[in-house]
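Good morning, everyone, and thank you for making the time.

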Amino acid sequence: MAMNCTGVLYFPVTISVLEGIALELIEARFGLKGVAAFIKLLCKVYKEEGYYMSWGKEQCMLFTHKLGNELSNEEIQEIIELLIEKEIFSRKMYAEHHVLTSERIQKVWLDATKRRKKDQRTLPYFLVEVKDVKPEAKIVVQDVLFQPGNAYNSEQSKEKQSRETPPLTPQGENGGEGVAGSPSFDVPGYAYNKKTHNLEGLMLELNQLHIVDPNEINAILRLSDYGRLGGYIFRVIGSTRWSTILAKGKYIIAALRKERCGNG
């Protein structure tokens with residue numbers, strides 16, 4: 001899929017955002033349709049302009065239509081105004097320019113595109129102070145699920161990965177063995193297809209939840225079909241109030257097994 005010069009292919013949605021008061025209010029008012037609308041809004045922002053999106057009556061109508069008219073234009077606008085009220089989007093930028101953006105969105109975009117060659121000083125609607133980009137910087141679409149700085153030092157990246165989570169080993173590579181002295185997982189090659197799976201994103205989410213037990217990680221990988229897109233695993237991670245869960249790994253495993261039994 002082609003990507004324009006400003007958009008990005010991936011963006012993080014943290015547990016704190018999904019469990020924040022804004023999303024809770026949206027879900028209480030509109031149900032999961034409202035939450036889906038919010039995720040779609042973020043997708044549109046990051047995919048098209050990368051860090052902002054113009055918003056008015058026409059944009060609202062088109063967005064509502066693309067959602068399948070599950071919500072009305074008035075309901076979508078109500079969601080927008082709630083997100084502005086809770087500072088998910090900047091009130092100032094919306095009032096002055098009819099633009100949906102925020103400092104957090106812009107920082108994510110800057111981090112994701114820091115190796116692209118561009119003059120950030122000329123970009124509109126910026127809320128954060130940015131430094132000049134070095135002339136020799138390469139234009140690269142960066143996966144925002146990982147820190148771009150790691151690309152400059154692969155050895156440090158490998159060392160950090162070995163400390164935080166065990167390495168993933170595709171089936172058939174190194175005989176299924178990872179780095180000496182550390183556990184590894186046999187991951188089928190199809191799981192690395194980003195059109196069907198989000199393996200990296202799943203591993204990041206598990207790391208953020210401090211799930212580091214190799215047996216638990218291995219079980220979650222297998223039960224989730226290694227992070228298949230649209231799988232139940234991402235619904236569990238996104239909808240659970242983790243502050244009330246102690247054994248997070250065991251909780252996810254139990255939820256996945258229950259879902260599998262229910263579908264079986």
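Let me begin with a term: a residue counts as exposed when its relative accessible area is over 50%, and as buried when that area is under 20%. Please also keep in mind that what you see is a predicted model.

With that cut-off in hand, consider Lys-250, which sits in helix H12, the helix that spans residues 248-263. Its relative accessible area is 54%, and because that value is over 50%, Lys-250 is classed as exposed.

Which class does Tyr-51 fall into, buried or exposed? With a relative accessibility of 1%, Tyr-51 counts as buried.

That residue brings me to the aromatic rings, for which a search across the whole structure returns seven pairs. One of these joins Tyr-51 to Phe-126 in a tilted arrangement, with the ring centres 4.9 Å apart and the planes at 50° to each other. Tyr-51 belongs to the loop between H3 and strand S1, whereas Phe-126 belongs to the loop between helices H7 and H8, so this pair ties together parts of the protein that are 75 residues apart in sequence.

Next, the helix packing. Helix H3, residues 32-47, packs against helix H5, residues 73-85, at an angle of about 70°, and their axes are 11 Å apart. The two helices are therefore described as roughly perpendicular to each other, since that label covers angles from 65 to 115 degrees. On the H3 side the contact involves Gly-34, Ala-37, Phe-38 and Leu-41, and on the H5 side these meet Ile-76, Ile-79, Ile-80 and Leu-83. Sorted by type, the residues of this contact are seven nonpolar and one polar, with no charged residue among them.

Finally, the protein as a whole, which contains 12 helices and four strands. It has 264 residues, of which 41% count as buried. If we take the contacts between residues at least 6 apart in sequence, 59% of them join residues at least 24 apart. The accessible surface comes to about 15400 Å², and carbon and sulfur atoms account for 52% of that area.

How values were computed
Residues numbered from 1 in each chain as written. Predicted model: local features only at pLDDT ≥ 70, side-chain atom pairs only at ≥ 80, totals over all residues. Heavy atoms only, no water. Axes fitted to C-alpha atoms, helices over the stretch in contact; angles between N-to-C directions. Parallel < 35°, antiparallel > 145°, perpendicular 65-115°, else oblique. Contact = heavy atoms within 4.5 Å. Nonpolar A, V, L, I, M, F, W, Y, C, P; charged D, E, K, R; others polar. Phe/Tyr/Trp six-rings, centres within 6.5 Å; stacked < 30°, edge-to-face > 60°. Buried < 20%, exposed > 50% of the residue type's maximum accessible area, 1.4 Å probe, protein only. Areas by Shrake-Rupley, 256 points an atom, 1.4 Å probe, with all protein chains shown as cover.
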